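Subject: Handover of a structure and notes on its contents

Dear colleague,

Please find the structure below for your records. My notes follow it.

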Amino acid sequence: MTTPSDRALLRWYDRHRRVLPWRVLPGETADPYRVWLSEIMLQQTTVAAVKPYYARFLAAFPTIDALARAGEADVFAAWAGLGYYSRARNLHACAKLVAARGGFPDTIAGLEALPGIGPYTARAVAAIAFGAPVVPVDGNVERVAARLFAVAEPVPGARPRLAALAQTLNTGAEAQARASDFAQALFDLGATICTPRSPACALCPWRDACAAQAQGIAAELPLRAPKVARPQRFGIAWRLRDPAGRLLLERRPPRGLLGGMLGLPGPAWTAERPDAAPPAGVNDCREIGTVRHVFTHFALDLQVFDGRIGLEAAVDLVATPVWSDAASPTGLPGLFAKAVALPG
DNA sequence: TATGCGTGGTA
DNA sequence: TTACCAAGCAT
């Protein structure tokens, strides 16, 4: 067993670093706006899923000022499908605050005070954009630390300990001088070598320093607390068109599930399959099919119905009606995009 | 501290 | 098909 060498990790990073759209080339200066935007999008979201959204978002809102000036509906529409929609609301609020103060704060405390920025993202932006010598602890770094130090305590309970252990990794002179590279080197190590399943220990620059590798338990760590079962819920969604053929959508409440996003109208989802009686003012009601969708904490069976509705009845049915002219409207979260696309 | 909050890829 | 899980945050 050796000590994990910051120099060895950085040498590996210089040879094997991933090329990513939000990442600058060696020698270039990072744009805090792009670093922040990418970090928000990457929260609990894979690199592959983020890439197209990042490109479209940056094209639509090239600067923090452009984003701050944008309308909320445009921001939500650009986020639709990416999930965790409170991120979009906080992103916009954060952009307004940052634009008003003339740029991002460059301290961890200043960053963490902004909406949507927590302990991880504050340290990631501080390290990547401003070179602060801190180790941002995300799921990758947790896994690397759990294996490197053979921490057998399960997460999430072990998180504080793993974070403290991770902070011991960047004490060397090279990690201090290359804080941005060092943080991203840890991400890349976790994403390409020290992977959740079947880690490529033979290729790891820290193989000789890894306690879990020495014990032959690298693939088993980190341990996780048992998960709770995912309940089943049921719902109904109406695809209602007015006499002109426009589709009735509603703007959902700003907080909570799919908060702030557009959706199809329908009764609240329940644990039992609901009665599908059409609401008042709906004619030519017809069942189209069922959409199955899995959220983080429950699964949903959504029965989809077509029908016709008048403008007055629509106002009674939907708190904030939005009429869509498009044959297949965009800007909907995944669940409702599936329901709208259901053939029928 | 525990829970609520999306979506898509992979084994 | 099921289960897991990915650059977490807010409350």
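At roughly what angle do the axes of H2 and H8 cross, and within what distance do they come? The axes come within 10 Å and cross at roughly 145 degrees; axes are lines fitted to C-alpha atoms, for helices over the stretch in contact, and angles run from 0 to 180 degrees between N-to-C directions. The crossing of H2 and H8 is right-handed, a crossing being right-handed if the near helix is turned clockwise from the far one by less than a right angle, and left-handed if anticlockwise. From H2, the contact draws on Pro32, Val35, Trp36, Glu39 and Ile40, and from H8 on Thr121, Ala124, Val125, Ile128 and Ala129. Two residues are in contact here if their C-beta atoms, placed from the backbone, lie within 7 Å. By class, the contact of H2 with H8 has 8 nonpolar residues, 1 polar and 1 charged. Ala, Val, Leu, Ile, Met, Phe, Trp, Tyr, Cys and Pro count as nonpolar, Asp, Glu, Lys and Arg as charged, and the others, Gly among them, as polar.

The model is predicted: local features need pLDDT of at least 70, side-chain atom pairs count only at pLDDT 80 or more, and totals for chains, interfaces and linings use all residues. Residues are numbered from 1 along each chain as its sequence is written, while chains are lettered from A and ligands numbered from 1 in the order in which they are written.

Domains

Chain A is divided into domain 1 (6-220) and domain 2 (232-341), with bounds from an automatic or database domain assignment. Their centres, taken over C-alpha atoms, are separated by 36 Å. Between them, 8 residues of domain 1 are in contact with 11 residues of domain 2. On the domain 1 side, helix H5 (72-79) and helix H6 (86-101) each supply at least two residues, and H6 gives the largest share, 3 residues. Helices (H or I, at least four residues) and strands (E, at least two) are DSSP runs, numbered from the N terminus. That side of domain 1 divides into 5 nonpolar, 2 polar and 1 charged residues.

The UniProt record, in an unreviewed entry, lists residues 41-192 as "domain: HhH-GPD"; its positions are given in the numbering used here, feature names are shortened, and annotations may be inferred rather than shown by experiment. Over residues 41-192 the chain is 65% helix and 0% strand.

DNA strands

Around DNA strand C there are 27 residues, of which Leu42, Gly118, Thr121, Asp138 and Pro196 come nearest. A residue is near a strand if its C-beta atom, placed from the backbone, lies within 6 Å of it. Helices H2 (32-41), H8 (119-130), H9 (139-148) and H12 (179-193) each give two or more residues to this surface, which holds 11 nonpolar, 12 polar and 4 charged residues.

DNA strand B is surrounded by 21 residues, the closest being Thr45, Gly83, Thr296, Pro333 and Gly334. Helix H3 (47-60), strand S4 (282-294) and helix H15 (334-341) give two or more residues to the surface near DNA strand B. That surface has 10 nonpolar, 10 polar and 1 charged residues.

Backbone details

The peptide bond from valine 155 to proline 156 is cis, with omega near 10 degrees, and proline 156 lies in the loop between H9 and helix H10 (159-166). A cis peptide bond also joins leucine 221 and proline 222, with omega about -5 degrees. Glutamine 44, in the loop between H2 and H3, has a positive phi near 55 degrees.

With kind regards
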